[in-house]
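Subject: Structure for you to look at

Hello,

Here is the structure I promised to pass on. Please open it alongside this note. My findings follow below.

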Amino acid sequence: MNPEGNSSDADMSASASKALFERATKVLPGGVNSPVRAFRSVGGTPYFVDRAEGPFVYDADGRRYIDYVQSYGPQIAGHAHPAVIDAIQQAAQRGTSYGAPTRGEVLIAEEIRARVEGIEMVRLTSSGTEAAMSAVRLARGVTGRDKIVKFAGCYHGHSDSLLVAGGSGVAQQGLAGSEGVTSGAVADTVVAPYNVIPELDESVAVVCVEPVAANMGLVAPEPEFLQGLRRACDEVGAMLLFDEVITGFRLCRGGAARWFGVQPDVWCFGKVIGGGLPVGAFGASTSIMSGLAPLGGVYQAGTLSGNPLATAAGLAVLELLTDDAYQHLESSVKSLQEGLIQAFAAAGVPAVVPRVGPLLGLFFTAHTPHDFDTASAAADNGLYPKFFHGMLRRGVAFAPGAYEAIFVSLAHGDGEIEATVQAATETAHEMAADGLPIR
Ligand SMILES: *Cc1c(COP(=O)(O)O)cnc(C)c1O
């Protein structure tokens with residue numbers, strides 16, 4: 001199935017990836033710069049990527065994988081899209097960072113404002129973590145309140161007060177939060193179960209939510225959840241923050257706010273808007289954003305914020321994201337979803353494949369998870385690592401952890417989707433022959 005010669009019993013024992021990983025573990029903690037990459041929750045040695053193109057990554061041993069990691073979201077256009085690479089090259093020739101404002105920052109802020117009703121001003125950062133951290137600071141500054149509410153299993157980056165019950169890599173490590181975070185730092189963070197409207201009072205500055213939870217596998221909001229949050233916030237004068245670092249410009253042109261018809265007060269973005277370069281952004285109305293320095297008293301800054309390469313890459317990606325592009329993406333994702341459902345059903349492997357537009361998830365369970373407890377019960381039942389390695393041996397790279405969403409790009413064609421479904425069919429039979437957990 002793979003023209004580049006992957007075979008189901010590829011010998012990894014003397015591979016270039018393995019040699020690099022051994023070197024890496026001596027100079028990088030766990031051999032990586034972000035924990036999920038270390039393969040701890042699936043076992044084995046990570047493949048080191050040499051290059052990537054469209055739907056494919058190629059590892060240091062020259063093996064090709066159909067890639068559903070796609071940098072965990074940024075590569076919605078596929079890897080090394082010519083328009084994006086060209087934009088980066090042209091920008092790089094004019095210099096890489098100045099410490100002075102640029103045209104690109106204005107253009108991308110205008111583009112975000114044009115796409116998202118309710119956003120009038122934007123501040124660019126270098127990561128989603130910074131965007132969420134700064135947005136929370138802004139909400140606290142503007143409301144004059146301390147408390148924040150977040151939902152178990154939602155990830156808002158790795159700043160101290162938002163790391164508790166953080167989903168994604170935090171969940172994969174089996175940690176509730178993190179060592180090194182003081183009790184003081186989380187004293188004003190309240191954690192609530194996803195899909196339940198929490199009781200709020202007038203001490204709450206902001207309720208932070210992933211409008212589609214995409215860091216505990218994929219958990220969709222129940223029909224009244226986001227509307228209910230909007231109402232609950234309004235009743236006590238709290239702000240509602242949509243962390244759209246994944247959903248922003250992936251669900252549709254206007255992101256989750258448009259998709260669900262619920263308008264938050266503050267938005268966070270990242271991933272897609274940087275086209276694979278380090279970026280983040282947060283936005284709101286002019287009156288809220290005027291709380292930020294230099295207009296207001298909430299400090300926030302960054303040496304590389306609004307970096308010219310990142311804004312060039314982000315603008316090139318947003319230009320590709322037309323209504324037609326979203327339709328194409330959603331139809332690819334739909335055929336992948338249908339194919340996966342069939343593959344697992346044919347082998348008798350219990351699985352649900354939740355989908356919200358072009359966002360896809362996978363849980364090995366009979367019942368669709370609706371919160372972190374039900375998601376983690378499914379994620380930790382031992383089936384995901386078998387699926388992951390079965391697929392990897394067949395040349396298909398899913399995320400090395402059950403808490404991540406499946407990222408399909410515009411570059412994934414029918415051929416890649418069919419090959420993926422074929423690999424999943426074979427893998428599912430292998431999983432069934434191995435024995436399924438007793439339910
Ligand atoms: C990835 C992510 C972040 C953090 O972004 P980084 O760029 O990794 O710092 C924040 N929120 C959500 C919802 C994310 O998925």
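The domain bounds used here come from an automatic or database domain assignment. On that basis the protein chain splits into domain 1 (9-67 + 322-434) and domain 2 (82-320). Their C-alpha centres are 26 Å apart. Please keep in mind that this is a predicted model.

**Between the domains**

How many residues of each domain are in contact with the other? The count is 31 residues of domain 1 against 31 residues of domain 2. Together the two domains bury about 2,400 Å², and 64% of that is on carbon and sulfur atoms. On the domain 1 side, Tyr326, Val356 and Tyr403 lose the most area to domain 2. Those three account together for 26% of what that side buries.

Polar links across this interface were checked too. Six residue pairs are in polar contact, both partners at pLDDT 80 or more. Salt bridges between domain 1 and domain 2 number zero.

**Around the ligand**

The ligand is surrounded by Ser127, Gly128, Thr129, Tyr155, His156, Gly157, Glu210, Asn215, Asp243, Val245, Ile246 and Lys271. What is the make-up of this shell? Three of its residues are nonpolar, six are polar and three are charged.

Some polar distances to the ligand:

- Thr129: a polar side-chain atom lies 2.6 Å from a ligand oxygen atom.
- Asn215: a polar side-chain atom is 3.1 Å from an oxygen atom of the ligand.
- Tyr155: a polar backbone atom lies 3.2 Å from a nitrogen atom of the ligand.

As for burial, the ligand taken alone exposes 380 Å². The protein buries 84% of that area.

Send me any questions once you have looked through it.

Best wishes

Conventions. Residues are numbered from 1 along each chain as its sequence is written. This is a predicted model: local features need pLDDT of at least 70, side-chain atom pairs count only at pLDDT 80 or more; totals for chains, interfaces and linings use all residues. Side-chain values use heavy atoms; hydrogens and water are left out. A residue is near a molecule or strand if one of its heavy atoms lies within 4 Å of it. A polar contact is a pair of N or O atoms within 3.5 Å; within protein, one must be able to donate a hydrogen and the other to accept it, and residues adjacent in sequence count only if both atoms are side-chain atoms. Accessible areas come from the Shrake-Rupley method with a 1.4 Å probe; for residues, only the protein chains shown count as cover. Ala, Val, Leu, Ile, Met, Phe, Trp, Tyr, Cys and Pro count as nonpolar, Asp, Glu, Lys and Arg as charged, and the others, Gly among them, as polar. Contact means heavy atoms within 4.5 Å. Buried area is the accessible area (1.4 Å probe) that two parts lose on being put together, summed over both. A salt bridge is a side-chain nitrogen of Lys or Arg within 4 Å of a carboxyl oxygen of Asp or Glu.
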